Amino acid sequence: MPHKTHRMLSLEERFGKTIAGIVLATLNTEGTLTLAAKKLGVSKAVLVYWCLSLGIQKETRWVKYKMVKENA
């Protein structure tokens, strides 16, 4: 888990969920990074950074992923 910024902690306290849950729900509800960033009160660049830090990527919808090593 990345270091949580003051803004992340503030959003967690406001929504009563983890930052990953908040970001996922907002992205899936709003549909775009731009609208989700606006709703969360952060820049699009910050939201992209959070997604990278939290392991969130877009498939057919926004999901949290885990890096998996394949055995060779």
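I looked up the pair α2 (residues 19–30) and α4 (residues 44–54) in this predicted model. Their axes are 11 Å apart and the packing angle is about 125°. Axes here are lines fitted to C-alpha atoms, for helices over the stretch in contact, and angles run from 0 to 180 degrees between N-to-C directions. α2 and α4 are therefore oblique to each other (under 35 degrees is roughly parallel, over 145 roughly antiparallel, 65 to 115 roughly perpendicular, the rest oblique).

Next I checked the handedness: α2 crosses α4 in a left-handed way (the near helix is turned anticlockwise from the far one by less than a right angle). On the α2 side, Ile19, Ala20, Val23 and Leu27 make the contact, and on the α4 side Leu47, Trp50, Cys51 and Leu54 do (contact means heavy atoms within 4.5 Å). I sorted these by class and got eight nonpolar, no polar and no charged residues (Ala, Val, Leu, Ile, Met, Phe, Trp, Tyr, Cys and Pro count as nonpolar, Asp, Glu, Lys and Arg as charged, the others, Gly among them, as polar).

Then I stepped back to the whole protein. I noted four helices and two strands, in the order α-α-α-α-β-β from the N terminus (DSSP runs, H or I of at least four residues for helices, E of at least two for strands). Of the 72 residues, 32% are buried (under 20% relative accessible area, with a 1.4 Å probe, protein chains only).

For my records, residues are numbered from 1 along each chain as its sequence is written. Local features need pLDDT of at least 70, side-chain atom pairs count only at pLDDT 80 or more, totals for chains, interfaces and linings use all residues, and side-chain values use heavy atoms, with hydrogens and water left out.

Definitions and conventions. Buried means under 20% relative accessible area, exposed over 50%, partly exposed in between (1.4 Å probe, protein chains only).
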